[in-house]
Amino acid sequence: QVQLVESGGGLVQAGDSLRLSCAASGRTFSSYAMGWFRQAPGKEREFVAAISRSGRSTYYADSMKGRFTISRDIRKNTVYLQLNSLKPEDTAVYYCAARLFADTSVVLTRDSEYNYWGQGTQVTVSS
């Protein structure tokens, strides 16, 4: 099992940046494919970005391409989501997710593919 704890959210202005962190417990962090999702009030949870076990493959939702960057540090058991050029519509609770996966190069983009979730961190972008 793995436990995930997100941090780094906050209240920022449009155009600002944030870096979200997701710290994973356990000694097998490198065995997990990781992803970030978000859920705005009154909306369904949506995919943001994903990274493979190896870290060499990443994938982004179209609206996040060029603004968000996902990365992972195996030594620190942490996955990051860099958020740049934030917009008010990026306001949401951001969740980190993990799935034990054999293939080191696959990215998982559907929330149903993940079985471990963090508690979320709130990002609020004011105009």
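These legends go with a set of close-up views of a predicted model.

**Figure 1**
The protein has 11 strands and zero helices, so reading from the N terminus you simply go β-β-β-β-β-β-β-β-β-β-β. The radius of gyration is 14 Å, close to the 14 Å that the globule rule gives for 127 residues, so the protein is as compact as a globular protein of that length. Along the principal axes, the C-alpha atoms fill a box of roughly 40 × 25 × 25 Å. Of the 127 residues, 45% count as buried. Among contacts with a separation of 6 or more, 61% come from residues 24 or more positions apart.

**Figure 1. The four-stranded open sheet.**
In what order do the strands of this open sheet sit? The order is β1-β3-β8-β7, and the pairing is antiparallel. The edge strands are β1 (4-7) and β7, each of which pairs on one side only. On average, neighbouring strands here are turned by 15° against each other, direction ignored. In a regular strand, side chains alternate between the two faces of the sheet.

**Figure 2. Bridge by bridge across that sheet.**
Look for Arg19 here, with Gln82 in β8 as its bridge partner. Then come β7 and β8, an antiparallel pair with six bridges. In this view Asp73 stands opposite Thr78 in β8. As for β3, five of its seven residues are buried, so this strand is largely enclosed by the rest of the structure.

**Figure 3. The disulfide between Cys22 and Cys96.**
How many disulfides does the model have? The count comes to one disulfide, and it joins Cys22 to Cys96 with an S to S distance of 2.1 Å. Cys22 lies in strand β3 and Cys96 in strand β9, so the pair ties together parts that are 74 residues apart in sequence. The torsion about the S-S bond is about -75°, so this disulfide is left-handed. Are these two cysteines buried or exposed? Both Cys22 and Cys96 are buried. As a reminder, a disulfide is a covalent bond between the sulfur atoms of two cysteines.

**Figure 4. The largest nonpolar core.**
This view takes you into the largest nonpolar core, which has 37 residues. The residues with the most contacts inside this core are Met34, Trp36, Val79, Leu81, Leu83 and Tyr94. Which elements give two or more residues to the core? They are β3 (18-24), β4 (32-39), β5 (46-51), β7 (68-73), β8 (78-83), β9 (92-100) and β11 (121-126). In soluble globular proteins, nonpolar side chains tend to be buried together.

**Figure 5. Met34 and its neighbours.**
Zoom in on Met34, one of the core residues with the most contacts. Leaving aside neighbours within four places in sequence, Met34 is in contact with Leu4, Cys22, Phe29, Ala50, Ile51, Ile70, Arg72, Val79, Cys96, Ala97, Ala98 and Tyr114. Both disulfide partners, Cys22 and Cys96, are in that list.

Asn77 has its place in the loop between β7 and β8. Its relative accessibility is 17%, under the 20% cut-off, so Asn77 counts as buried. What does Asn77 touch beyond residues up to four places away in sequence? Asn77 touches Cys22, Ala23, Ala24, Ser25, Gly26 and Phe29. From Asn77 to Gly118, the C-alpha to C-alpha separation is 14 Å, and the two are 41 residues apart in sequence. The phi of Asn77 is near 50°, a positive value in a residue other than glycine. Most residues other than glycine have a negative phi.

**Figure 6. Ser85, another positive phi in a loop.**
Ser85 lies in the loop between β8 and β9. Although Ser85 is not a glycine, it has a positive phi of about 50°. Ser85 is partly exposed, with a relative accessible area of 41%.

Methods: Residues are numbered from 1 along each chain as its sequence is written. This is a predicted model: local features need pLDDT of at least 70, side-chain atom pairs count only at pLDDT 80 or more; totals for chains, interfaces and linings use all residues. Side-chain values use heavy atoms; hydrogens and water are left out. A nonpolar core is a set of buried Ala, Val, Leu, Ile, Met, Phe, Trp, Tyr and Cys residues joined through side-chain atoms within 4.5 Å. Buried means under 20% relative accessible area, exposed over 50%, partly exposed in between (1.4 Å probe, protein chains only). Contact means heavy atoms within 4.5 Å. Two strands pair if DSSP finds at least two bridges between them. Axes are lines fitted to C-alpha atoms, for helices over the stretch in contact, and angles run from 0 to 180 degrees between N-to-C directions. A disulfide is a pair of cysteine sulfur atoms within 2.5 Å. The radius of gyration is taken over C-alpha atoms; the globule rule is 2.2 Å times the number of residues to the power 0.38.
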